[in-house]
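Here is my note on the model you sent. Please read it with the structure open.

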Amino acid sequence: MVKALTPHAEVLQAAQRVFEQHGYAGATIERIAAEAGVSRVTLHRRGLTKDTLLGELVASATEDYRRAMWPALTGQGTGAERLAQALEALCGAAEEHMALLVALRAQSDGIFHRDDEEEALTRTVFTEPLEKLVRDGIADGTLRHVDPVETATVLFNLVGWTYIHLRTGHGWKPERARRATLDPVLHGLLTAPDATEPNT
């Protein structure tokens with residue numbers, strides 16, 4: 001038996017559809033109300049705006065991401081092995097929320113960035129799992145010495161947005177996009193790295 005959605009859940013799903021179709025700028029409260037089959041006044045009385053609804057959608061997607069990272073953070077294996085597992089999970093999370101992510105990024109990807117520094121970094125909720133796994137890999141010798149914070153920021157953006165672009169811009173199937181993205185990230189391209197190249 002399918003469980004019926006609550007009125008709020010129905011509005012939230014309607015808001016997601018509107019954000020996916022029209023992006024942030026085009027997602028008016030009138031459109032959200034119409035999609036949900038309620039009046040604009042009803043949403044106003046509930047204290048709902050497009051920003052509060054977007055905030056809930058982003059919070060839900062963020063929580064899904066954190067759950068996806070958990071097995072890699074708590075599982076067995078080397079730091080490098082668990083980092084690979086986490087990057088696979090990152091692609092999976094991007095797949096699950098792709099339409100919303102694409103719609104929002106078309107307007108602004110500020111929801112992913114910290115704005116309290118001169119050089120913006122990705123919000124720690126997204127990078128901390130990867131940073132921990134990079135540190136674990138450095139500690140157990142399966143990853144070379146790199147800046148964990150900077151590398152986690154690069155990995156989140158490199159893998160996440162490349163995967164999304166290959167899926168939406170090139171129409172590649174999930175498995176192909178995931179393999180093509182992760183293979184050079186995890187294995188590199190050089191057959192014989194220069195031994196004189198600095199390792200830091």
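1. How many helices and strands are there in the protein? There are nine helices and two strands. Along the sequence they follow the pattern α-α-α-α-α-α-β-β-α-α-α. Please keep in mind throughout that this is a predicted model.

2. Some overall figures. The protein has 200 residues, and buried residues make up 36% of them. Its accessible surface comes to about 11,800 Å². Carbon and sulfur atoms account for 54% of that surface. Take the contacts between residues at least 6 apart in sequence: 59% of these join residues at least 24 apart.

3. Aromatic pairs. A search of the whole structure finds four. One of them brings together the rings of tyrosine 65 and phenylalanine 156. Their centres are 5.8 Å apart and their planes stand at 90°, so the pair is edge-to-face. Planes over 60 degrees apart count as edge-to-face. Tyrosine 65 belongs to helix H4 (residues 50–74) and phenylalanine 156 to helix H8 (residues 148–168), so the pair ties together parts that are 91 residues apart in sequence. Both tyrosine 65 and phenylalanine 156 are buried. Ring pairs also bring in Phe126, giving a cluster of Tyr65, Phe126 and Phe156. Phe126 is one of the buried residues of H7.

4. Charges over rings. Which residue lies over the face of tyrosine 24? That is lysine 50, at 3.9 Å from the ring centre. Look also at tryptophan 172. The charged end of arginine 176 sits over its ring, 3.7 Å from the centre.

5. The structure holds nine salt bridges. Arginine 17 forms one with glutamate 35, and the closest N and O atoms are 2.7 Å apart. This pair links distant parts of the chain. Arginine 17 is in helix H1 (residues 7–26), glutamate 35 is in helix H2 (residues 29–36), and they are 18 residues apart. Are these two residues buried or partly exposed? Arginine 17 counts as partly exposed because its relative accessibility is 32%. Glutamate 35 is also partly exposed, with a relative accessible area of 34%.

6. Salt bridges, within a helix. Glutamate 175 pairs with arginine 178, with 2.5 Å between the closest N and O atoms. Both lie in helix H9 (residues 174–187). They are three residues apart, about one turn of the helix. Glutamate 175 has 47% relative accessibility, so it counts as partly exposed.

7. A second pair of this kind is in helix H7 (residues 124–140). Lysine 132 forms a salt bridge with aspartate 136, the closest N and O atoms being 2.9 Å apart. The two are four residues apart in H7, so about one helical turn separates them. Lysine 132 is partly exposed, at 40% relative accessibility. Salt bridges that share partners join Arg82, Lys132 and Asp136 into one network. Arg82 is among the buried residues of H5.

8. Helix H7, length and burial. Why does the span of H7 agree with its number of residues? At 1.5 Å a residue, its 17 residues should span 24 Å; the end C-alpha atoms are 23 Å apart, which agrees. The buried residues of H7 are Val125, Phe126, Thr127, Pro129, Leu130, Glu131, Leu133, Val134, Gly137 and Ile138. Note that a charged residue, Glu131, is on that list. After H7 comes glycine 141, with a positive phi near 85°.

9. Helix H5 (residues 79–96). This helix has 18 residues. From first C-alpha to last it reaches 25 Å, close to the 26 Å expected at 1.5 Å a residue. Its buried residues include Gly79, Leu83, Leu87, Leu90 and Cys91. Several alanines are buried too, among them Ala84, Ala86 and Ala89.

10. Threonine 142 lies in the loop between H7 and H8. Its relative accessible area is 35%, so threonine 142 is partly exposed. Which residues does threonine 142 contact, leaving aside its neighbours within four places in sequence? They are Thr78, Gly79, Ala80 and Gly137. Glycine 79 is 63 residues away from threonine 142 along the chain, yet their C-alpha atoms are separated by 6.5 Å.

Note on methods. Residues numbered from 1 in each chain as written. Predicted model: local features only at pLDDT ≥ 70, side-chain atom pairs only at ≥ 80, totals over all residues. Heavy atoms only, no water. Phe/Tyr/Trp six-rings, centres within 6.5 Å; stacked < 30°, edge-to-face > 60°. Buried < 20%, exposed > 50% of the residue type's maximum accessible area, 1.4 Å probe, protein only. Lys NZ or Arg CZ within 6 Å of the ring centre and 35° of its normal. Contact = heavy atoms within 4.5 Å. Areas by Shrake-Rupley, 256 points an atom, 1.4 Å probe, with all protein chains shown as cover. Salt bridge = Lys/Arg side-chain N within 4 Å of Asp/Glu carboxyl O. Expected span 1.5 Å × (residues − 1).
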